[in-house]
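Hi everyone, thanks for coming. Please have a look at the structure on the screen, and then I'll walk you through it.

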Amino acid sequence: KEYKPPIITRIYAGDGRLMAEFAQERRVFVPIEEIPDLVKHAFIAAEDKNFYQHQGFDPWAIFRAALYNLQGKSLSGASTITQQVAKNLLLTKDRTYKRKIRELILSYRMEQAMSKNRLLEIYLNEIFLGARAYGVAAAAQQYFNKALNELSISEVAYLAALPKAPNNYHPVRQHDRAVARRNWVIERMRDDGYITASQAELAKAVPLQTVPRDETRSISAPY
C-alpha cells in the first residue's frame, strides 16, 4: 500500500536545459489518473484481458498454460497483472511451484486490500521495459522521446509488447520480432474493443522507429 519506487533525480540549468540525471532505476512515477486510457488498454489487452473481472488470478489462463506445458508447447503466460505485481515487489522470479502458490495467495490478498486502479498504477510504474527504463513514462521517453499523452496506438502497443522479455523485442536488434509482437498487441486491442478494425490496420502499417532524445535540450556541465 505504501508503494514508493525509486525515481530519477534531475538537475537543470538556469535556462531549463537538462544537466544531469541520477537514478538506480530510470523511472518517472505517474499517478493512475494521469495515465491515458490508451496506455492502460494496451497493457490490459496484452497482459490480462480479464483484469477488472478476476480476484487476483485467472483460473482459465492457468488451466490453458498447464495444458500447453503438458503438450510440450511453449509456455503460455498465465500471470495476471496482480500476480506480476506480487512477483516483482514481494517474491523472487524463480520458476517453481512453491513460488507460484505464494504468488497466487498474495495476489488474492492484494486484491482484497487495494483497488484495481491502485494495482494497475503500481504495475504500470514498476515494470521494466528495457533500455534502462522502468515504468511506462520512462519507456515512452526512452523509446519515442514523448510524454504518455503523445503516444500513438502503434507506440503504446510496442511498449505493451515489452514486459515479458524486452531484449527479445529490441526495436533494432530484433526488429522483425518486435514488429510482430507489436502487431499482436494491436490485434488484441482490436479484439477487446479498445480500438476499431480500421485503427488497427493503420497502426500495424506504421513503421517501428524509435526516436533518440533531443540533445539540444540538454547541456554538458561536468564540473
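Let me start with a word I'll need in a minute: a contact means heavy atoms within 4.5 Å. Before we use it, a note on what you're looking at: this is a predicted model, where local features need pLDDT of at least 70 and side-chain atom pairs count only at pLDDT 80 or more, while totals for chains, interfaces and linings use all residues. Residues are numbered from 1 along each chain as its sequence is written, and side-chain values use heavy atoms, with hydrogens and water left out.

With that in hand, take Leu 159. Not counting residues up to four places away in sequence, Leu 159 touches Phe 43, Leu 129, Val 136, Ala 139, Ala 140, Tyr 143, Phe 144 and Leu 151.

Let's step back to the whole chain. There are 9 helices and 4 strands; helices (H or I, at least four residues) and strands (E, at least two) are DSSP runs, numbered from the N terminus. Along the sequence, the pattern reads β-β-β-α-α-α-α-α-β-α-α-α-α. Of the contacts with a separation of 6 or more, 59% are between residues 24 or more positions apart.

How much of the chain is buried? Of its 223 residues, 41% are, where buried means under 20% relative accessible area, exposed means over 50%, and partly exposed is in between, with a 1.4 Å probe and protein chains only. The chain exposes about 12,600 Å², and carbon and sulfur atoms supply 53% of that. Those areas come from the Shrake-Rupley method with a 1.4 Å probe, and for residues only the protein chains shown count as cover.

Now for the inside. A nonpolar core is a set of buried Ala, Val, Leu, Ile, Met, Phe, Trp, Tyr and Cys residues joined through side-chain atoms within 4.5 Å. The largest one here has 51 residues, and Phe 43, Leu 148 and our friend Leu 159 have the most contacts inside it. Elements giving two or more residues to this core are α1, α3 (81-90), α5 (116-126), α6 (136-144), α7 (153-160), α8 and α9. The largest share, 7 residues, comes from α6.

On to charged pairs. How many salt bridges does a search of the whole structure find? The total is 16, counting a side-chain nitrogen of Lys or Arg within 4 Å of a carboxyl oxygen of Asp or Glu.

One of them joins the side chains of Asp 37 and Lys 40, at 3.6 Å from N to O. These two are 3 residues apart in helix α1 (residues 37-47), so about one helical turn separates them. Asp 37 is partly exposed at 47% relative accessible area, whereas Lys 40 is buried at 14%.

Another pairs Glu 187 with Lys 204, at 3.2 Å from N to O. Because Glu 187 lies in helix α8 (residues 175-191) and Lys 204 in helix α9 (residues 197-205), the pair ties together parts 17 residues apart in sequence. Glu 187 is partly exposed, at 28%.

Lys 204 also meets Glu 201 in a salt bridge, at 3.4 Å. Both lie in helix α9, 3 residues apart, about one turn of the helix. Glu 201 is partly exposed too, at 45%. Elsewhere, salt bridges that share partners join Arg 10, Glu 21 and Arg 26 into one network.

Last stop: Pro 222, in the segment after α9. Pro 222 is exposed, at 64% relative accessibility.
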